[in-house]
Each structure stands twice: as structure tokens, then as C-alpha cells.
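Please look over the model below before reading on. The report that follows takes up its fold, its surface and its charged contacts in turn.

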Amino acid sequence: MQPFALNYARPAVELAVSTPYAYDSGLQLNVLGDGRIAASDHALLRELGTTTSTAGSKTHFDD
């Protein structure tokens, strides 16, 4: 017998998302294209909520 939910389960849709910042290993922070620290851009933080670091762990957040 197959569980009811499996009749309707579908794979999650992968969204193509690009972040407006990149990790700078020298500063160990996410920086914007113009070199400013991403965590200091209030408009970016309002839009995204946080700037998740891509260095090692996805649970590290820039303060």
C-alpha cells in the first residue's frame, strides 16, 4: 500500500537565483561588486533578510 501523500508529491522546483554579493576570502566577508561589505547594505538586508556565507558552512551569517 502506498501512502496517500506520495500520489501527489512532486520534486521541488529549483529556482535560478543569483546573489548580488560574493565571498572575499581575504576579508572573510561577503562583499558587493563595488567592494562594500554586503552586511552593511541595509537595502540588501531588507530584501534578502541576511547574507549567508558560502565559505564552508551554510549556517554562518555575516554580522
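Is Q28 buried or exposed in this predicted model? Q28 is exposed, because its relative accessible area is 55%, where exposed means over 50%, buried under 20% and partly exposed in between, with a 1.4 Å probe and protein chains only.

## Basis of the report

This is a predicted model, in which local features need pLDDT of at least 70 and side-chain atom pairs count only at pLDDT 80 or more, while totals for chains, interfaces and linings use all residues. Residues are numbered from 1 along each chain as its sequence is written, and side-chain values use heavy atoms, with hydrogens and water left out.

## Fold and hairpin

The chain holds 1 helix and 2 strands, and from the N terminus on these elements follow the order β-β-α; helices (H or I, at least four residues) and strands (E, at least two) are DSSP runs, numbered from the N terminus. Strand β1 (residues 21–24) and strand β2 (residues 29–32) run antiparallel and are joined by 4 bridges, where pairing requires that DSSP finds at least two bridges between two strands. Within this pairing, Y23 stands opposite N30 in β2.

The hairpin of β1 and β2 has 4 residues between the strands, and Q28 is placed in that loop. Q28 is not a glycine, yet it has a positive phi of about 55°. As background, most residues other than glycine have a negative phi.

## Surface and burial

Of the 63 residues of the chain, 17% count as buried. The chain exposes about 5300 Å², of which carbon and sulfur atoms supply 56%; accessible areas come from the Shrake-Rupley method with a 1.4 Å probe, and for residues only the protein chains shown count as cover. Among contacts between residues at least 6 apart in sequence, 23% join residues at least 24 apart, a contact being heavy atoms within 4.5 Å.

V13, L15 and V17 make a nonpolar surface patch of about 380 Å². Patches are made of residues with over 30% relative accessible area and no salt bridge, with like charges joined within 9 Å and nonpolar side chains (Val, Leu, Ile, Met, Phe, Trp, Tyr) within 5 Å.

## Salt bridges around R36

A search of the whole structure finds 2 salt bridges, each defined as a side-chain nitrogen of Lys or Arg within 4 Å of a carboxyl oxygen of Asp or Glu. The side chain of R36 meets that of D34 at 2.9 Å, N to O, and that of D41 at 3.5 Å, N to O, so that D34, R36 and D41 are linked in a network of salt bridges. In general, side chains of opposite charge can pair when their charged atoms come close.

D41 is found in the loop between β2 and α1 (42–48), and it touches L32 and R36, not counting residues up to four places away in sequence. A polar atom of the D41 side chain also lies 3.1 Å from the backbone nitrogen of L44.

Terms used
Polar contact = N/O pair within 3.5 Å; in protein donor to acceptor, adjacent residues only side chain to side chain.
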